[in-house]
Amino acid sequence: MTLRLILSILAPQITAFILISAVWPGQTRIRSHFLLKCCLSIGAGLGLLSCVYFLQLALFGPSRKGLVIALVAVVIPAIALFVYRLRSNKDASQSECIREPISRMELILSVLFIVAVASAVATFVFLSVRQPHGEWDAWAVYNMKARFLFRAGNDWRDLFREPTGWTSPDYPLLIPAGIAACWTLMGGETVAVPITFGMLFTIATIGVVYISVSLLRGKNQGLLAGLILACTPFLPIHGANQYTDVPLGFFLCATLALFHLQDTLPEQTYRFFEHGFLVLAGVMLGFSTWTKNEGVLFLVAIFVARFVALVPAKGLKSYGRQLAIVGVGLVPVLLVVFYFKVTLATPNRMLFPPQGPGFFEKLLDTSRYWIVLNAFVTEGLVFGKWVVSLTACLLFYLLLIGLSINQKEVTNVVASLIALGIMLIGYFMALVMSPLDLSGHIATSLNRVLLQLWPSFILVFFLMVRTPDQALARSEVLSH
Amino acid sequence: MTFDYQVRIRIGICLLIFFALLSSLESLINAYKVYGVSGADYITRYEKRFDEIRGFLPARGIVGYAGEGINYTEYWKSDAVGLQNWFLTQYTLAPLVVSITTNHKLTIINNTQGGDPIVSENAEVTARDLANGAQMLDFGNGIKLVVTQ
């Protein structure tokens, strides 16, 4: 069983790794940015598995053999593309990476980062042993749907026929379909699969933030960012709860990180592949829409934010060109989501509520705005489950260290901040317009939706603040 | 700027890291405190209540559900425990659709009677005839099945 579990999860991730390496800008070496590719492969691999499983199920019916054939059909072109890339730059000069000696600060931060990650993993493990089926939304919605998809055979569409609609049939299926796909490949159910999904997304989220910030602002800054994220108790707690907020948070921060990397990492120019990060950003963006409906809001936020930030700086043509390249990665996944929404999903209960006050009644009720605003402020101050206010600590740190945004990153930082702002406004209005009991809805959802944005916020925050090296060097200069 | 500025920077970084690690340690200790024996979690034990009734249910299709605390017309206003029992029943019996709508040939009644729903053993199944030719099977642990013609 353990070997089958490892193979069922590893196979799609290796496929994703090959695809990511194939479109990675610059030199195509397996070892180039290996850890970052691994972290991205975790989300991309599970997303790819989920999409292939759903399409195979919807078009051809349940079949373990069919799923294996479908996966092989994806692997072969991936390998072909990778081989083509290898051959197309075999004459390119291979730049030597000269590793600078490790400073004492880097050594200390590295040790503390490893301790933080180990603590997060241990917390995750203890909670998962205690609640192997996850928390409420996991067993009531996502894992329940996985059981339907796996157990129902040709009657899997019954999942969307429950008369009252409480099963949220409009929710996208990345996690349930991914879990069901692994069970299909393994030939049996096990709670180890959803637990492993939760663990992988938790670790990968920390990894993406740590490595991206390291590449963009230096190792010490990256270690600090990764440490703060790993030490946010909400992350391993909700990862172990098996909620989809952590996977969504992964796709959101991976999307933003790839946009930042596009403009900053040095690369050699190859036709098409020089924009590989944009293609991958499109893939991550697409998978965010396949994970939760909030991903659709994020899609809109990205398009609007990059329009506002990019057009004044680089012109409309540049924005259009970027969108087209992002679309190369985005459209295939969006087609799967579109097919699901058109053929199976019912109207969203939040947008088309069967109950509660009317639309204009909620829109014009100012008391709802005050309740939600108060909740946002209160939750913002206590967010994360730190022993002190995490938000206050970061604000204090910002005031002490100061801002320092690289010139090359200004446009992307502005775009990221606008995107996160749009997401916050979207969540705010979603709560104001909620058809459910407002206090209850806030109590059960606000900290989780903020967790979706948290890794992205940490990423952007540490791209904005001065690095410890810069701050200490600056203080030396000023003291002389 | 004087020597103090560099010290303040170092102290600020150290404080941030200190509170971060302290929070992580507190979370780890709390998680360890609730850590239990594998297989003894609430949901795994709850699912065992349905071991007997599975033999009387179809593999597919839709069955009715009735339970304490359920608001049948506006389910979102139901008692939290009642909702939890319904959703856990659905989770356990998937891919059978467990619906609180009426007029089903088979209807599951899930009644914990205010006590701990987890019982270590299922009692013998007893059958009782109801009006209109219906029959009720009692599994002895708060789970009943009503079979209508």
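Predicted model: local features only at pLDDT ≥ 70, side-chain atom pairs only at ≥ 80, totals over all residues.
Which residue forms a salt bridge with B:Arg60?

**View 1. A salt bridge links chain A to chain B.** It's A:Asp155 that pairs with B:Arg60, and their closest N and O atoms are 3.4 Å apart. A salt bridge here is a side-chain nitrogen of Lys or Arg within 4 Å of a carboxyl oxygen of Asp or Glu.

Residues are numbered from 1 along each chain as its sequence is written, chains are lettered from A and ligands numbered from 1 in the order written, and side-chain values use heavy atoms, leaving out hydrogens and water.

**View 2. Chain A meets chain B.** Here 58 residues of chain A are in contact (heavy atoms within 4.5 Å) with 54 residues of chain B. About 5000 Å² is buried between the two, with carbon and sulfur atoms giving 72%; buried area is the accessible area (1.4 Å probe) that two parts lose on being put together, summed over both. Look for A:Phe126, A:Trp139 and A:Trp166: they supply 13% of the area chain A buries against chain B, more than any other three residues.

**View 3. Helix H1 of chain A packs with helix H3 of chain A.** H1(A) covers residues 2–23 and H3(A) residues 64–88; helices are DSSP runs (H or I, at least four residues), numbered from the N terminus. Residues making the contact include A:Ile18 and A:Leu19 of H1(A), plus A:Ile79 and A:Phe82 of H3(A).

Key
Axes fitted to C-alpha atoms, helices over the stretch in contact; angles between N-to-C directions. Helix = DSSP H or I, 4+ residues; strand = E, 2+ residues; numbered from the N terminus.
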